[in-house]
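My notes follow the order in which I looked.

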Amino acid sequence: MTTLTIPNNITTETVHRVRPIIDDLRTFIRTQRRHDRVHPELEIRLCREDSGGISEKAWMRLLSALDACTTWSGKKETSELVDFFYDAKIQEETVPIRTTRYISPEGDVCIEHLSKSPVRQTFVRLKGCSSVAQRAKIVFSTEESLDPSTLPDLTTTTNVRIKHRRSFMWKSWRFDMTKTWSGSTYSAATQNRDNNFNTMCECEIELVDPTRYVDNHNNDYISLSLLLKLVGLLPPQCEVA
């Protein structure tokens, strides 16, 4: 089995702090294999000290660096996705729902209905690269695909989010660079997008196929591999603690 060595810019304690998230991920996959509507999600998000996302200047620097890389296994040019958030009653329980609308590469309108539940998360501190980000959030969540017939035909949104996203693929990992605009309605979100107002800049790294990755690697490997993707994205002097 392939092994990884902890580099000097990642502390052993940080790897150990990530390990429980991977333990939970493996447990979920082992117990939920036959539930094809519920999927695991493992991702890292760069954050500022006092808020989510990163500055637009930092976002542009990272995007330029990703664009300059020539070893990607795939790239996806900018696409627009629209998320509609609302609450719906399913089996007598009120559940937060996200309905996402986007255009496929073939030009078809695609609609997905999901219920997302965070399972475990932790923050790691980034040292020596405060101009880019001060923290990174590591999250394991589950996403359940919902049958549209169980959802209301009409509802009131709690939030609408428009996303412009570029993606870069490297083996089992996807690096997403996203700008988002939100509002209580689609009209409000569209107005913010058109005026480039209250823009949120996000950088995320996501494990594309967690089930296959967990089948092929142990938990220590996955914990360190995830952190290595993070330091590979950041300036060389950055440390993860």
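I began with cysteine 201, which is buried at a relative accessible area of 3%. Buried means under 20% relative accessible area, exposed means over 50%, and partly exposed lies in between (1.4 Å probe, protein chains only). The model is predicted: local features need pLDDT of at least 70, side-chain atom pairs count only at pLDDT 80 or more, and totals for chains, interfaces and linings use all residues. Residues are numbered from 1 along each chain as its sequence is written, and side-chain values use heavy atoms, with hydrogens and water left out.

How many disulfides does the structure hold? I found zero. A disulfide is a pair of cysteine sulfur atoms within 2.5 Å. The closest cysteine sulfur to that of cysteine 201 is in cysteine 203, 11 Å away, so too far for a bond. For cysteine 69 the closest is also in cysteine 203, at 13 Å, again too far. Cysteine 69 is partly exposed, at 25%.

**Aromatic pairs.** I counted six aromatic pairs. Rings of Phe, Tyr and Trp (its six-membered ring) pair if their centres lie within 6.5 Å; planes under 30 degrees apart count as stacked, over 60 as edge-to-face and the rest as tilted. Phenylalanine 28 and phenylalanine 140 have ring centres 5.9 Å apart and planes at 65 degrees, so I logged the pair as edge-to-face. Phenylalanine 28 lies in helix α1 (residues 12-32) and phenylalanine 140 in strand β5 (residues 135-145), so the pair ties together parts 112 residues apart in sequence. Helices (H or I, at least four residues) and strands (E, at least two) are DSSP runs, numbered from the N terminus. Both phenylalanine 28 and phenylalanine 140 are buried.

I then looked at tryptophan 72 and phenylalanine 168. Their ring centres are 5.3 Å apart with planes at 45 degrees, so this pair is tilted. Tryptophan 72 is buried at 16%, and phenylalanine 168 is buried at 0%. With Phe175, Trp72 and Phe168 form one aromatic cluster.

**Core.** Which residues touch the most other members of the largest nonpolar core? I noted Leu42, Leu46, Ile54, Leu126, Ile138 and Leu230, out of 48 residues. A nonpolar core is a set of buried Ala, Val, Leu, Ile, Met, Phe, Trp, Tyr and Cys residues joined through side-chain atoms within 4.5 Å. Helix α5 (residues 219-233) gives the largest share of this core, eight residues. Apart from it lies another core of seven residues, including Ala88 and Leu146.
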